[in-house]
Amino acid sequence: RMPDLAGGDGIAVTVDNGGANKIDAYLQVTTVYESTIDPVTGEGTAQATITLATTVDPDGLPDYAVGNSVELPRGTNRMLLSVYSGLPAVEGTLDGAPVRLLGGGAIEWQATETWSDIPPGETRTLVVDFAGRLLTTSAEPGVRPPVTVRPQVMSLPQVYEIR
């Protein structure tokens, strides 16, 4: 369940395995979230830079852990990435190339998602730009609305930096 934003902004990144394996145990997710929100109107912009790094060496590991059901090389992590913010997503890039973002509102949280494949030992960077208005704001003039962080439970804990 997503927490109440209580009049502020938020960021959450979730990963859903798309390869029918256990490779998520070797995925490190690091997110830097930068936002500028008008505390009175709730209007603002934000950017999430999400770094996804696979730490797996598939040699010697069983197929149920690093194989997959989508005919990708062993150790490749296929995932559905979902990014949630208090603001709607407007565009995104994956390793610098434009990426199609799907999604929409989920009460206070705005959701967007895209698919990604990461070969073993490699890193991908998803950048999502957000712009719009928070549904509610409770901040006082001159006070930045709070940013709620909702990490996904993973073998390698997610890292968030809020700026």
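1. A quick definition to start: two strands count as paired if DSSP finds at least two bridges between them. With that in hand, strand S2 (residues 27–37) and S3 pair in the antiparallel sense over 11 bridges, and within this pairing glutamate 34 stands opposite glutamine 47 in S3. Please keep in mind as you read that this is a predicted model.

2. In S9, its bridge partner is aspartate 129. Strand S3 (residues 43–54) and strand S9 (residues 123–133) run antiparallel and are joined by 11 bridges; threonine 51 also stands opposite threonine 125 in S9.

3. Now for the whole sheet. These strands belong to an open sheet of 6 strands with mixed pairing, in the order S6-S5-S9-S3-S2-S11. Strand S6 (97–98) and strand S11 (159–162) are the edge strands, each pairing on one side only.

4. Which residues have the most contacts inside the largest nonpolar core? They are Leu27, Val29, Ile50, Leu52, Leu126 and Phe130, in a core of 24 residues. At least two residues of this core come from each of strand S1 (9–17), S2, S3, strand S4 (77–85) and S9.

5. Leaving aside residues up to four places away in sequence, valine 29 touches, among others, Val13, Val15, Ile50, Leu52, Met154 and Val159.

6. On to the charged side chains, where the structure holds 6 salt bridges. One of them joins aspartate 63 and arginine 74 (2.3 Å, N to O). Aspartate 63 is in helix H1 (residues 63–66) and arginine 74 in the loop between H1 and S4, 11 residues apart. Aspartate 63 is exposed, at 53% relative accessible area, while arginine 74 is partly exposed, at 34%.

7. Aspartate 95 and arginine 124 form another salt bridge, with the closest N and O atoms 3.4 Å apart. The pair ties together parts 29 residues apart in sequence, because aspartate 95 lies in the loop between strand S5 (89–94) and S6 and arginine 124 lies in strand S9. Is arginine 124 buried or exposed? Arginine 124 counts as buried, because its relative accessibility is 18% and the cut-off for buried is under 20%. Aspartate 95 is partly exposed at 43%.

8. Finally, back to glutamate 34: Glu34, Glu161 and Arg163 are linked in a network of salt bridges. Within it, the side chains of arginine 163 and glutamate 161 meet at 2.7 Å, N to O.

Definitions and conventions: Residues numbered from 1 in each chain as written. Predicted model: local features only at pLDDT ≥ 70, side-chain atom pairs only at ≥ 80, totals over all residues. Heavy atoms only, no water. Helix = DSSP H or I, 4+ residues; strand = E, 2+ residues; numbered from the N terminus. Core = buried A, V, L, I, M, F, W, Y, C linked by side-chain atoms within 4.5 Å. Buried < 20%, exposed > 50% of the residue type's maximum accessible area, 1.4 Å probe, protein only. Contact = heavy atoms within 4.5 Å. Salt bridge = Lys/Arg side-chain N within 4 Å of Asp/Glu carboxyl O.
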